Amino acid sequence: MTSIITVNFNQPAVTIEFLKSVKGKAVNDDIEVILVDNGSIEDHQLEFETTFPDLVYIRSDKNLGFAGGNNLGIKQAKGDYLLLLNNDTEITENLISELIAELEHNKEIGLISPLLLYFHHPDIIQYAGFTEMNYITCRNSGIGFFDKNEGQYDTISRQTAYCHGAAMMCRKADVEQVGLMDESYFLYYEELDWCERFKRTGKKIWFTGKTSVFHKESMSVGKESIIKTYFMTRNRMLFIRKNTGLMNTILFSLYYIIIACPKQIFQYARKGRKDLIRWMFKGVLWNLTHSKNSTDLGFKI
């Protein structure tokens with residue numbers, strides 16, 4: 001059985017469309033669907049269960065972030081396989097069967113993501129894998145990003161550097177070895193950190209273009225917002241601190257503070273978003289004043 005886990009935060013209409021997609025496309029799959037309501041202002045349990053009657057509904061009184069919400073679902077999952085899907089995605093009919101087939105074919109795969117296409121522009125690719133991380137700059141690139149989908153990935157299954165948090169599958173048994181996602185990130189970089197931890201256990205990160213998911217992209221957080229600026233800054237540094245050694249962390253910190261941050265300040269000023277500069281500084285300061293294992297978010301949610 002596959003446990004599909006998704007997290008809702010104040011997006012009942014989007015989540016209902018997601019549930020309709022699963023109900024219509026996964027009719028031949030052995031599944032349970034777990035919906036974690038992650039501190040939403042209103043409780044829409046009745047509407048969700050009306051849409052998907054066999055739904056496993058979990059409500060958290062507070063927003064636990066991407067990792068915390070998914071971890072609640074993972075803890076209650078009964079499936080042999082765990083499929084984490086953003087609530088702003090819609091699936092295809094062969095998604096579950098193809099992902100399971102890849103995991104069954106290659107026991108070394110720890111995490112696998114499908115091809116991601118933009119829901120409102122389904123001929124445009126969002127994700128077909130990631131390049132390796134440059135740990136000095138904490139930068140990598142998306143493979144296929146913004147390319148026109150002409151079927152070029154339809155038969156490709158290969159190792160990649162990272163999965164995409166919008167859609168990824170793993171074995172429950174592997175999670176019991178690797179552990180849950182790190183909730184100290186709250187938002188952004190947690191799936192990259194999880195991939196690093198899977199790699200350290202000897203597992204491979206995988207991409208397959210044999211199946212796909214349609215992603216409505218960035219509906220929870222605005223393109224240029226305070227919360228995004230803070231956590232992208234904070235967690236970029238935190239990711240390096242948690243996943244590299246002391247010398248690499250020092251080199252990255254020098255690069256980030258001396259080169260990357262001034263460049264970002266200039267871009268914010270040019271866009272008329274000087275209000276975000278303060279939150280970028282707060283993200284850097286958190287890392288200079290907190291242990292990498294601190295659970296203090298430094299941001300009031």
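In this predicted model, helix H6 meets helix H7 through Leu-192, Asp-193, Glu-196 and Arg-200 on the H6 side and through Phe-239, Lys-242 and Asn-243 on the H7 side. Sorted by class, the residues of this contact comprise two nonpolar, one polar and four charged ones. H6 spans residues 190–200 and H7 spans residues 226–243, and the two helices pack at an angle of about 10° with their axes 10 Å apart. Because angles under 35 degrees count as roughly parallel, H6 and H7 are described as roughly parallel to each other.

Tyr-188 has a positive phi of about 80°, although it is not a glycine. A positive phi is also found at Phe-146, another residue other than glycine, where the value is near 70°. Phe-146 belongs to the loop between strand E7 (121–127) and strand E8 (157–159).

Helix H5 itself holds Asp-174. When neighbours within four places in sequence are left aside, Asp-174 is in contact with Ile-109, Gly-110, Phe-198 and Lys-203. The C-alpha atom of Asp-174 is separated by 9.2 Å from that of Leu-111, and these two residues stand 63 residues apart along the chain.

How accessible are Phe-146, Tyr-188 and Asp-174? The table sets out their relative accessible areas together with the class that each value gives.

| Residue | Relative accessible area | Class |
|---|---|---|
| Phe-146 | 55% | exposed |
| Tyr-188 | 21% | partly exposed |
| Asp-174 | 8% | buried |

The reasoning behind these classes rests on two cut-offs, since buried means under 20% and exposed means over 50%, with partly exposed in between. Phe-146, at 55%, is therefore exposed, whereas Tyr-188, at 21%, counts as partly exposed, and Asp-174, at 8%, counts as buried.

A further part of the model concerns strands. Strand E2, which covers residues 31–38, pairs with strand E3, which covers residues 56–60, in the parallel sense over five bridges. Within this pairing, Asn-38 has Ser-60 in E3 as its bridge partner.

Conventions
Residues are numbered from 1 along each chain as its sequence is written. This is a predicted model: local features need pLDDT of at least 70, side-chain atom pairs count only at pLDDT 80 or more; totals for chains, interfaces and linings use all residues. Side-chain values use heavy atoms; hydrogens and water are left out. Axes are lines fitted to C-alpha atoms, for helices over the stretch in contact, and angles run from 0 to 180 degrees between N-to-C directions. Helices (H or I, at least four residues) and strands (E, at least two) are DSSP runs, numbered from the N terminus. Angles under 35 degrees count as roughly parallel, over 145 as roughly antiparallel, 65 to 115 as roughly perpendicular and the rest as oblique. Contact means heavy atoms within 4.5 Å. Ala, Val, Leu, Ile, Met, Phe, Trp, Tyr, Cys and Pro count as nonpolar, Asp, Glu, Lys and Arg as charged, and the others, Gly among them, as polar. Buried means under 20% relative accessible area, exposed over 50%, partly exposed in between (1.4 Å probe, protein chains only). Two strands pair if DSSP finds at least two bridges between them.
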